[in-house]
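Hi,

Here is the structure I promised to pass on. Have a look at it first, and then read my notes below.

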Amino acid sequence: MAVAEHDGRTPAPTALQVLRSLDTGPRGLTDEEADARLARHGENTLPARRTVPWPGRFVRGLRDPFTAVLFCLGLVSATVAAWGTACVITLLVAVSCALRATGEHRADRAMRSLRDLVTTTATVVRRPDHDAPPVPRELPVPRELPVPRELPVPRELPVDQLVPGDIVRLGAGDLVPADVHLLRAQGLYVNEAALTGESAPVPKDAGAAPRLSAAPLDTPYACFQGSSVTAGSGTAVVTATGSRTRFAAGYTALAGAPRPAGAFDRSVHGISWILIRFMLLTPPLVLMADAALRGRGLETLPFAVAVAVGLTPEMLPVVVTTCLARAAVRLARTHGVIVGRLPALHDLGAMDVLCVDKTGTLTQDRPVVERSFDAEGRDAPEVLHWAAVNAWWTLHLADLPVPDALDEAILDAADEEAVTHCEGIEALPFDPVRRLATAVVSRPGTGLGVHTLVVKGAVENVLECCALPDEERARLHVHAARHAAAGLRLLAVATADRPARHRAWAPADVRGLTFRGFVTLRDALTPAAGPALRALADRGVTVKILTGDHPGTAARACRDLGLDVDGSDIRTAADIEGLTPADLAELAHRTTVFARCTPGHKARIVTALRAHGHTTGFLGDGVNDLPALRVADVGVAPHDAVPVAREAADLVLPRRAGGTPTGLTAIDHAVTAGRAGSTNIATYLRSTLSSNLGNVIAMLTAGLLLPFLPMLPAQVLAQNLCFDAAQLAFAYERPARAALGRPTSLRPRAFLRFITGFGALNAVADLATFAILALAVPGPTGTEDEAVFHSGWFTENLLTQALVMLLLRTARGNAPPGSPGSPGSPGSRRVPGRPAPITWAAMALAVTGLVLPLTPLGPLLAMTPLPPLYYLLLAAVLALYALALTTLRRTLRRRFTAQP
């Protein structure tokens, strides 16, 4: 029981053929037939996305390469009986996985709460049995009485109860509940933006021949689930429901496809594999060196594992998850943004290109009047007046439920009092074939014997009805085409006075008209779009427009918003056909607007931008946007997007405030939050990896020079615990204004250069510590007392790490006003003048390094108090280290300006 899909080359099926193929009729199905088909076909619902339970998300967190490496190190530590190290690593992995799973689970619950935006009922024709006419279930008829034929036919049924073969009624404002074939239609216009991206409603006609484009959606006698009726009415038969609709097919086709890794995943994977190589190489080097130079064997394995662990930034999963989770919670509470995937916040912070559709983002889904002018191009307010008279009386006399978008814009712009001075006589509503509407009115002062025909519609059709010379008609066509090329929609207006009559007016009477002029309309701009675009540009984010609209319409919206576009900045989908990926990447890089885009074109353009090296975001709200949402580094959907688009997106923007779209403004807030989190993660990695690398180099060097282990495994673990606890403060730091002003990404090669330079500097400081220990500690060489050596190096390590935290951070606590966490912004709790979290953490770390050897814990860790001379010499080393650290940081910052 399926209707063969029409390919645009064979004759279109007639309504009777469609009804027969579905085994139904104009009177609809019986309740028994509908119940049987519901059991066979299933409910008319979208394919449910499989929700991963919390335990599954927890286990999935182990797939992160760095988390997996930490877990393996924990297993190795347990194997060599380093139980303390194993417990600490296991705890950190568990905390990280739990935080990530909780954040994503909370976002899933919020997404499920948005499903109530889908329509719930449809007007359906059904019958109790074969012998009865269709009646509503709510009006039972006594068995002893015949069922009267005049009872109301339609009934309201839940959309999920529709089945193929049902007869449904469509009216203005209705959402199309399933894929349907039209049986009858009167002035029916349908908005298919959710499926095609084309903002202008398209006419539908039950008897129209199919176009030769062979595009399934370009079928005038079919309507598809996900579209909405903007004007007119119709009766249709349901041809497909549930997962068999085109609305669901776009989502189902992508559901099983693996999503490409985002910017965050690529960056973390790159950094992780660099560290993995170091960690895999370190233990064998330690074992071989000790065996060759000191004759030690596997007894040094715990130390070798401790060295590998010392290179590992154990807090990375916790710091990353905490940074992003806190940003996600702030966005949800203060701006209503739902973050479905935590790494998407980092991708937003790294984003330098944002691709958006025009309608709903830059413009509202409604037109506004630009101007009205006569045949000579002069402003003519009377043309707008006549257009409003036509719209007003057509709405009232043709019994239309609501005005269409163009009529509503005209009525909003006109003087309502002047419009109602005319008295309506009759109306011929808009006809998709004739493409014009006619209102017959009586004007004040003309007497009862004169009626005025007021005609408004498509330029070509209205001009054909006017009494004009061919040359004048051609000139007006050129005049109209010039305005249409500038991105404006045109309506032509004409009038004619006729003798009054009692019989009805017919379409054949609309001829010999007097041309009055044109009304031009443009898309209404989103009020917040202009300032939001400027804010994004100031933050280094380039906005590119991928739309299904006409290129002139898109260019006009860009110019109205202040975007500087010319002919070279605008391309159509035809321009990218046949281009190689490399050529398309170069074209996409330098082009601002792509018009007439299909879903496949949008996905190709986003993929090409990523291939060019851009971190790319995509904002979309329809089924046609699903491919691009999935291939983008970060997919964004507005609150009122179709459910499948919201589920495919990484971020869902807040509900419109007062009917005004807030998409780009909310994205700006999310970009700020993402950059703040990314900056803190980058700062943590820089300080941790450079310090750890320096310590590992020093440990390996000391292990070769000293007759004993430079640091006991328990001391390495205690040092790592102190440093790890202090590093959690990075998740609570507020970045400086400059760090939020440009895209922030984690570049593995730049990080490798950075940590190599600062790691070598840290190793020099450690080796200098060996030298002062030789001078300050009594004895022939100054290194004969293992406890003193261990205590001195332990203290120096924590002090240098505290300096690294202070001097390598980018935060200074002066986030820009209005950014998350800035003074005066929602969620800000910081008191001006109070030290930042990093300052407190560095101070606590320094105090721990100085005091711990003096406490009762010192002997438990095989440490002892140090002589006073050591502290004086250590202060000199730390001062020189701080000076060198600051100088090198400034040098590298000038060379690698991309790094904050």
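A quick word on terms: a residue is called buried here when its relative accessible area is under 20%. Keep in mind that this is a predicted model.

With that cut-off, helix α20 (residues 581-590) has Leu584, Ala585, Leu587 and Ala588 buried. What do the buried residues of α20 pack against? Their partners are β17 (542-546), β18 (570-572), α19 (573-576), β19 (593-595) and α21 (599-611).

Now to the sheet. Six strands make an open sheet, paired antiparallel in the order β11-β16-β15-β14-β13-β12. Its edges are β11 (363-373) and β12 (423-428), each of which pairs on one side only. On average, neighbouring strands are turned by 25° against each other, ignoring direction. Between β11 and β16 (residues 514-525), which run antiparallel, there are seven bridges, and Pro367 sits opposite Asp523 of β16.

Two helices go with this sheet. Helix α12 (residues 381-397) packs on it and touches β11, β12, β13 (436-442), β14 (450-457), β15 (489-499) and β16; the direction of α12 makes about 90° with that of β13. Helix α18 (residues 551-560) lies across β11 and β16, at about 65° to β16.

One last thing, on the surface: Val59, Leu62, Phe71 and Leu75 form a nonpolar patch with about 330 Å² of accessible area together. Leu75 belongs to helix α4 (residues 65-79), and it counts as partly exposed because its relative accessibility is 47%.

Cheers

Note on methods
Residues are numbered from 1 along each chain as its sequence is written. This is a predicted model: local features need pLDDT of at least 70, side-chain atom pairs count only at pLDDT 80 or more; totals for chains, interfaces and linings use all residues. Side-chain values use heavy atoms; hydrogens and water are left out. Buried means under 20% relative accessible area, exposed over 50%, partly exposed in between (1.4 Å probe, protein chains only). Helices (H or I, at least four residues) and strands (E, at least two) are DSSP runs, numbered from the N terminus. Contact means heavy atoms within 4.5 Å. Patches are made of residues with over 30% relative accessible area and no salt bridge: like charges are joined within 9 Å, nonpolar side chains (Val, Leu, Ile, Met, Phe, Trp, Tyr) within 5 Å. Accessible areas come from the Shrake-Rupley method with a 1.4 Å probe; for residues, only the protein chains shown count as cover. A salt bridge is a side-chain nitrogen of Lys or Arg within 4 Å of a carboxyl oxygen of Asp or Glu. Two strands pair if DSSP finds at least two bridges between them. Axes are lines fitted to C-alpha atoms, for helices over the stretch in contact, and angles run from 0 to 180 degrees between N-to-C directions.
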